[in-house]
Number of protein chains: 2
Amino acid sequence: MNIAKRKILKAASELFLEGGIAALSVRSIAKKAGVSTIGIYSHFQGKEGILDELYIQGFELVMQAMDFERKALSAKDIMLKGVRGYFAMAEAHEGHYRLIFGENDNRYTPSEEAKAVAEKAFGQLLKVTALLLPDNASMALKQKNALEIWAFVHGYVSLKHHAVASIFETPDWYAMAEEAVSVHIDAILAKPENQP
Amino acid sequence: MNIAKRKILKAASELFLEGGIAALSVRSIAKKAGVSTIGIYSHFQGKEGILDELYIQGFELVMQAMDFERKALSAKDIMLKGVRGYFAMAEAHEGHYRLIFGENDNRYTPSEEAKAVAEKAFGQLLKVTALLLPDNASMALKQKNALEIWAFVHGYVSLKHHAVASIFETPDWYAMAEEAVSVHIDAILAKPENQP
DNA sequence: GATTGAACATAACAGTGTTATATTAAAGAA
DNA sequence: TTCTTTAATATAACACTGTTATGTTCAATC
C-alpha cells in the first residue's frame, strides 16, 4: 500500500472515529490527508471504497471482540463472553457498528470483498454456536441457532440507538440484554432437537 | 390541512413508497406535488418535517399491525399474532421500517412529536407483554420483557436487510423468527419472577 | 382600503460525490 | 539511458443536495 493510500485511509479513520459517517466527505478526507480529492478515486474508486474499508474494519472489530481464550469455559460461558465482547465493541465503536448494520446511509452497498468479511464474522459466531449443539448438528441447524443469537444481541444494540431507548431508566442496558440472551441460550440448550 | 400541504405529503408518500428515502429530494417532492420547493419549508419546516410525517406513518403502521381482535386467544397467542403482524408490516413497508429504525440517514433525528408516536407504539407492545405477566408485575418488569420481545423481533427484521442474509437458504425467514420468539416467550413464561 | 402575515416562485448559496482535463511521476520496455 | 505507457495527481467543472434570500402575491384582519 503506498503512502498516499495510507494517508487517506488514516485520515478517513480518524474523521470517522470523531464524527461518524457525517464527517466523511471526500473533501474533508482529502484535506486531512494532505492530498487532493482525486486520490480517493484512484486509490479507493471513490467514497464507496473508503466505506468498504471501514465496513471491513467494523467486522474485524466484531471478530476481535469474540476472540478470546476458551479453555476451562463451558459452551454457554463461551457464548456469553462473546456476547459481552460484542456489546463492548458495539459501544466502543458506535460509528463502525452503525455502518456495518446500515444505520447510516442506505445508498451504501458493501462490495463483495466487504461482504465476505461479514460472512467470515458470521462464520465465527457459527463456530461458537456449534459448541452449544450436538456434534452431529446439521449446518442448517447451526445457522438457525447462530442467527437466533445474533438477532437477539443485534436487536438490543439497535434499540439502544433508537429514540425510544430514552424511555428506559435502566442502569445497565447490556447487563439486561445479556441476561435475556442467557435465558434464551438455556432455552436453546433445552430444545429436544438440540440434544445429542 | 390546506391543499398545498396535502399535495406535498401525498407526493412525498408516493415517492417514498416507490423509491424509499433516496427518492425524497425536496425538488422531486415539489415537482411531483406541482408546487415550488418553498412550500416544503413553509408547511413542513423543511425536509425533516416530511421525514417526521413518514416516521409517524411508520409507527402507526406498526400499531395497526398489532391491532386485532383478542377474544379467545391466550396471552402467548396474542403476542405471537402481534409478532406476525409486525413481520408482515416490516416486509410490506420496508421503506417505513428502515426510516423508523434509522437505517436510512443518521442525520435525521425524529421530532418530539414523532418520538411520542414511537413511544405510543412501545406502549402497545407493553400492554400485550403485560398479558404474559402476573397482574402485579411492576412497570420495570413489563418494560424489560417488552424490550426483550422487541429486540428479538427487530433483530430478525434488521438482519434480513443485512448483507449476510443471503447466506441463508431458508425458505421462510419470518417463520423461523416466529418459532425462535415463541421459544423465548415460553422461557419468559417459565421464569420464576414472572409467576403469579 | 390599508396593513400584516402567510404562501409562493425563483435564484442563490454552500455543501455533496463524481467526472473531465491537463500535468507530472513512475514503471516498463527497448 | 531513453522513450513510451500507465498511474497518480491538482484543479475545475458538473449535477445534485437542503436551505436561505429576495421579491411578489394572496388572504385575513382592522
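This is a predicted model: local features need pLDDT of at least 70, side-chain atom pairs count only at pLDDT 80 or more; totals for chains, interfaces and linings use all residues.
Copies are superposed by least squares on the C-alpha atoms of residues with pLDDT of at least 70 in both.

View 1. Residues are numbered from 1 along each chain as its sequence is written, chains are lettered from A and ligands numbered from 1 in the order in which they are written, and side-chain values use heavy atoms, with hydrogens and water left out. Chain A is superposed on chain B by a rotation of 180° with 0.0 Å of shift along its axis, at an RMSD of 0.0 Å. That is the relation of a two-fold axis.

**View 2. The interface of chain A and chain B.** Contact (heavy atoms within 4.5 Å) joins 42 residues of chain A to 43 residues of chain B. Because 100% of the interface residues of chain A are also interface residues in chain B, the copies meet through the same surface. About 3,800 Å² is buried between chain A and chain B, with 70% of it on carbon and sulfur atoms; buried area is the accessible area (1.4 Å probe) that two parts lose on being put together, summed over both.

View 3. On the side of chain A that touches chain B, two or more residues come from each of helix H4 (47–65), helix H7 (112–130), helix H8 (139–160) and helix H9 (173–190) of chain A, where helices are DSSP runs (H or I, at least four residues) numbered from the N terminus. H8(A) gives the most to this side, with 12 residues.

**View 4. Domain 1 of chain A against domain 2 of chain A.** An automatic or database domain assignment supplies the bounds, dividing chain A into domain 1 (1–44) and domain 2 (51–194). Their contact takes 7 residues from domain 1 of chain A and 8 residues from domain 2 of chain A. The area buried between these domains is about 720 Å², of which carbon and sulfur atoms give 81%. A:Leu9, A:Phe16 and A:Ile21 supply 64% of the area that domain 1 of chain A buries against domain 2 of chain A, more than any other three residues.
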